[in-house]
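Subject: Structure for your review

Dear colleague,

Please find below the structure I am handing over to you.

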Amino acid sequence: MALALFDLRIELMLLRDHITLTAISNAVRHHLLAVVVLVAMPSLWRRYGPSNRPDH
C-alpha cells in the first residue's frame, strides 16, 4: 500500500488542489496498478487479515 501511495503522490497533491474529472482520469489511466491496489486493499484485508487466520 505504501508503494501505491508513493506512486500516486504527485496526482494526490494535484487532486488535493483541484479535484476535476480530468485529474482523476489521468491518475487512473497512468497509475492503474497503484489505483487497483488501493481499491482492493479493504477486501484483501478482510479476507487475509489477522481476524481470519485459522487457529493451529
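**The nonpolar surface patch**

In this predicted model, Ile19, Ile24, Val28, Leu32 and Val36 make a nonpolar surface patch of about 440 Å². At least two residues of the nonpolar patch are supplied by each of helix 3 (21-30) and helix 4 (32-48). Another member of the patch, Ile19, is found in the loop between helix 2 (9-17) and helix 3. Ile19 has a relative accessible area of 67% and is therefore exposed, the cut-off for exposed being over 50%.

The loop between helix 3 and helix 4 holds His31. Is this histidine 31 buried or exposed? Its relative accessibility is 15%, so His31 counts as buried; the cut-off for that class is under 20%. Leaving aside residues up to four places away in sequence, His31 touches Asp7, Leu8 and Glu11. With Asp7 there is also a polar contact, made between the side chain of His31 and the side chain of Asp7 at 3.1 Å.

**Isoleucine 10**

Ile10 has its place in helix 2. Because its relative accessibility is 42%, Ile10 counts as partly exposed, a class that lies between the buried and exposed cut-offs. Along the chain, Ile10 and His30 are 20 residues apart, and their C-alpha atoms are separated by 12 Å.

Yours sincerely,
A colleague

Definitions and conventions. Residues are numbered from 1 along each chain as its sequence is written. This is a predicted model: local features need pLDDT of at least 70, side-chain atom pairs count only at pLDDT 80 or more; totals for chains, interfaces and linings use all residues. Side-chain values use heavy atoms; hydrogens and water are left out. Patches are made of residues with over 30% relative accessible area and no salt bridge: like charges are joined within 9 Å, nonpolar side chains (Val, Leu, Ile, Met, Phe, Trp, Tyr) within 5 Å. Accessible areas come from the Shrake-Rupley method with a 1.4 Å probe; for residues, only the protein chains shown count as cover. A salt bridge is a side-chain nitrogen of Lys or Arg within 4 Å of a carboxyl oxygen of Asp or Glu. Helices (H or I, at least four residues) and strands (E, at least two) are DSSP runs, numbered from the N terminus. Buried means under 20% relative accessible area, exposed over 50%, partly exposed in between (1.4 Å probe, protein chains only). A polar contact is a pair of N or O atoms within 3.5 Å; within protein, one must be able to donate a hydrogen and the other to accept it, and residues adjacent in sequence count only if both atoms are side-chain atoms. Contact means heavy atoms within 4.5 Å.
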